[in-house]
Structure formats: C-alpha cells, structure tokens
Amino acid sequence: IACVQALVAQHELEKIIIVENSVNSSELRILKDIFQNDGQVEILEPSENLGFSGGVNLAANSVLDSDFEAFLLLNNDTLVPPNAVKYLAKGLFDNSLDMVSPNIYCYPEKHKVWAKGYYYNRFIGLITQRNISFMPGTIFYLSGCCVLICRKVFKDIGLLDTSFFMYGEDVEFCYRALQRGFRIGIVEKAYIYHKGNVSSQFNSLFYEYHINRCHFLLCNKLSKNKIEQSISFLIKIFSLAMRSLLRSYKYKNLNAFLGYKQAILGSANTDFYTPGKQRV
C-alpha cells in the first residue's frame with residue numbers, strides 16, 4: 001500500500017497495476033477499499049498464484065496494446081522516494097537505453113546496497129555485484145525488483161518466461177534482451193529501498209527449492225548448445241550441493257539440502273532441458 005501511494009504521489013505513471021497474486025480474499029478486499037476511488041490504480045486478481053513471471057505477464061499483457069512508452073516492473077516490498085520514477089525515465093531515454101534499474105538500497109539499513117545490477121555466471125551459478133565478466137559464461141543483468149522496460153523490448157522478445165515460478169526469470173529476460181542487441185544499465189541518480197524477503201522466507205524450504213530450481217533451469221535457458229548445457233548442469237550439481245551443505249550447517253536445518261534434492265529430482269522433467277523451449 002505504501003509503495004503504491006508513493007507512486008501515485010509522483011505523477012509520472014499513466015496507470016498503476018497491482019497484481020494481487022496471493023489469491024487471498026481478505027488482502028484483495030483491503031486493497032479495493034483503499035484504492036477504490038483512485039482511477040489511476042487498477043487491481044488484477046488471478047484465480048491462482050501465477051508466480052512472479054505469471055503475475056508480471058498478466059499486468060504487461062493487459063496494457064501491451066496501449067500506447068505507453070515504458071513499463072515499470074516494481075516489487076511491492078519497496079519504498080520509492082520522490083522523483084525516483086522521473087530520474088529513472090530520464091536516464092532511460094537520455095542515454096538511449098532499453099532497460100534500466102535504479103540503485104537499490106536495503107531498508108531500514110539505508111546505507112547498504114542491495115542491488116546495483118548483478119553478474120551471473122551460467123556455468124557455476126555464481127551471482128555477484130562484482131564485475132566478473134572476465135569469467136567465461138558471465139552475463140550482466142538487472143534485478144526484477146525494479147526495472148523500467150521499453151515497450152519495444154516486450155514486442156521484440158516477448159514477456160517473462162513462466163517456466164520460472166520465482167527467481168531466475170530476470171536473468172533469462174535480460175539475457176534474451178542482450179542477445180537481441182538491446183542496451184541495459186543502471187541510472188545512478190535514481191534509487192529506491194528494498195525491504196527484502198517479503199514474498200518468501202529466507203532459508204525456507206520454498207526459497208531453497210526455487211533458488212536451486214532456477215539455477216538448473218538457467219543451464220538450459222542460457223546455454224548456446226547441448227555441450228554447454230551439459231557442462232553447466234554437471235558443474236552446478238557439484239557447486240549447488242556444496243552451497244546446500246554450507247547453508248544447512250549455517251542455519252542448523254536441512255531446508256537447503258532438501259530444496260536442492262527436490263530441484264535435482266525435478267530436473268528429470270525434460271521440460272527443464274529441452275533446448276530453446278520457452279513458456280512465455
């Protein structure tokens with residue numbers, strides 16, 4: 001609610017779409033009561049939890065044929081300071097970019113950087129804010145927490161890949177955009193705050209399963225051929241196993257290991273590893 005109210009106050013957005021993706025009637029009722037008199041705000045209510053990609057696609061599809069210039073994808077667990085959207089849009093168009101993100105800081109530890117673009121290595125599954133482009137198989141991507149996307153990007157490459165329920169879809173989407181020659185970057189003057197871990201409990205079995213699952217999905221989505229795909233998968237079996245053991249020790253529970261195990265078992269589904277297959 002605070003996030004949407006901050007967006008309304010900035011007068012930069014033609015329409016604000018809330019996807020109430022929890023399928024919770026009491027949550028939906030609260031939102032409708034608060035925003036019932038605000039014609040700028042539209043609330044979409046899917047009949048089931050569509051996941052992150054599905055929720056974003058539902059909103060994007062509802063306006064894709066209208067005449068907007070850019071689509072701001074924003075997590076609800078964010079605080080958007082005044083002029084943030086204005087600076088973000090100015091950075092997008094002034095620098096001839098196609099997708100941009102702000103600097104994202106933590107909340108309430110506002111001095112800590114949460115995201116300033118990420119680097120992902122598709123072979124070992126390493127995610128870092130440090131520039132590791134010297135490592136083969138590394139791509140730069142923008143966090144789906146907050147990204148402003150030109151309409152032409154959706155028209156060219158399509159929407160988010162719904163093979164991902166949560167996590168990894170932003171990596172794959174940016175990879176597709178980069179492959180088509182679109183330019184992405186960070187707008188230094190724009191910033192927001194991210195509360196973090198609102199949609200999933202950190203180290204919950206849900207989190208551990210989906211974070212492992214996304215890494216295995218990305219073996220296929222980011223590989224150029226079957227050899228790269230196989231190498232990536234084999235390396236990740238080992239690297240993610242080490243991760244799960246370390247996290248199981250750190251948190252004194254088996255959630256990380258069980259999530260890893262479930263993701264491995266799920267990889268037997270050929271939908272994970274069919275080259276070029278994409279559900280959008």
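What percentage of the contacts in the protein chain with a separation of 6 or more is accounted for by residues 24 or more positions apart? In this predicted model, in which residues are numbered from 1 along each chain as its sequence is written, local features need pLDDT of at least 70 and side-chain atom pairs count only at pLDDT 80 or more, whereas totals for chains, interfaces and linings use all residues. Side-chain values use heavy atoms, with hydrogens and water left out. Residues 24 or more positions apart supply 72% of the contacts in question, a contact being heavy atoms within 4.5 Å.

The protein chain contains nine helices and 11 strands; these are DSSP runs numbered from the N terminus, helices being H or I of at least four residues and strands E of at least two. For 280 residues, a compact globule would have a radius of gyration near 19 Å, and the protein chain agrees with its value of 19 Å. This radius is taken over C-alpha atoms, and the globule rule is 2.2 Å times the number of residues to the power 0.38. The C-alpha trace spans about 55 × 40 × 40 Å along its principal axes. Of the 280 residues, 50% count as buried; buried denotes under 20% relative accessible area, exposed over 50%, and partly exposed in between, with a 1.4 Å probe and protein chains only.

Helix α2 (residues 25-35) has Leu28, Leu31 and Phe35 as its buried residues. They lie on the same side of α2, because the arc that they cover around the axis is only 65°, the arc being that of the directions from the helix axis to the C-beta atoms. In general, an α-helix has 3.6 residues a turn, so residues three or four places apart point the same way. The buried residues of α2 pack against α1 (2-10), β1 (16-19) and β2 (41-44).

Asparagine 212 is located in helix α7 (residues 205-221) and counts as buried because its relative accessibility is 0%. When residues up to four places away in sequence are not counted, asparagine 212 touches Leu240, Arg243, Ala256, Gly259, Tyr260 and Ala263. Valine 113 belongs to strand β6 (residues 113-115) and is partly exposed, with a relative accessible area of 43%. Under the exclusion of residues up to four places away in sequence, valine 113 touches Ile104, Tyr105, Cys106 and Gln129. A separation of 9.6 Å is found between the C-alpha atoms of valine 113 and histidine 194, which are 81 residues apart along the chain.
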